[in-house]
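Please look over the sequence and the structure shown here before reading on. The report that follows is meant for someone meeting this structure for the first time.

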Amino acid sequence: MPNHIIPLRTQALFDLTHTLARPRLEHTEYPWEILPDIPAIIREIGATLDPARYDHPAEDVWIAKSATVAPTAYIAAPAIIGENTEVRHCAFIRGSALVGANCVVGNSVELKNVILFDHVQTPHYNYVGDSILGYYAHMGAGSITSNDLTIVSGGSLTAGSINVLTTWQPTAY
């Protein structure tokens, strides 16, 4: 099997047109450089969101009016929940979560210090911490990203303690 080198640079890993964090990610060489800045990024973006499309139920929390949030879900600040996103029962968003459009944050999923691009699915029993999940990334049941550098962009590859999912495009059925 040939040895392929996959560049871990932000521009090579992600389609930045599918996240509100694009302006900040465009200026990083490596995606993990942005992890400490996620709370500030959320506050900056949140202040610019259209009140006709986003509710602002608590300080530093913005939820798209088209999103569905289960009554048992918990969302701590700072957080943005994107348009047409579904936050299911017992989801625990600990804060510093930028969740894109058309995402699924499933039952018993915990998020902390994350950027989820559009169409990301974390459907059930996942812990996603200190991570960036790219466009159309999907976490299998019970998957965990924590206490290491995790950049997910679709597909699967593990390099040391860095988990990288390579570009993936959805298949029409």
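What follows describes a predicted model, taking a sheet and then a single histidine as its topics.

## The parallel sheet

Four strands form an open sheet, arranged in the order β3-β6-β9-β11, and the pairing between them is parallel. At the edges lie β3, which covers residues 68–69, and β11, each of which pairs on one side only.

Starting from β3, two bridges join this strand to β6, with the two running parallel, and here T68 stands opposite E86 of β6. Strand β6, made up of residues 86–87, is in turn joined by two bridges to β9, which spans residues 104–107 and runs parallel to β6; in this pairing V87 stands opposite V105 of β9.

H18 is found in the loop that runs between α1, residues 10–13, and α2, residues 22–25. Its relative accessible area is 18%, and H18 therefore counts as buried, since the cut-off for that term is under 20%.

When neighbours within four places in sequence are left aside, H18 is in contact with F117, D118 and Y135. The C-alpha atoms of H18 and Y136 are separated by 9.4 Å, although these two residues are 118 residues apart along the chain. The side chain of H18 is also joined to the side chain of T17 by a polar contact of 3.4 Å.

Definitions and conventions:
Residues numbered from 1 in each chain as written. Predicted model: local features only at pLDDT ≥ 70, side-chain atom pairs only at ≥ 80, totals over all residues. Heavy atoms only, no water. Pairing = 2+ DSSP bridges. Buried < 20%, exposed > 50% of the residue type's maximum accessible area, 1.4 Å probe, protein only. Contact = heavy atoms within 4.5 Å. Polar contact = N/O pair within 3.5 Å; in protein donor to acceptor, adjacent residues only side chain to side chain.
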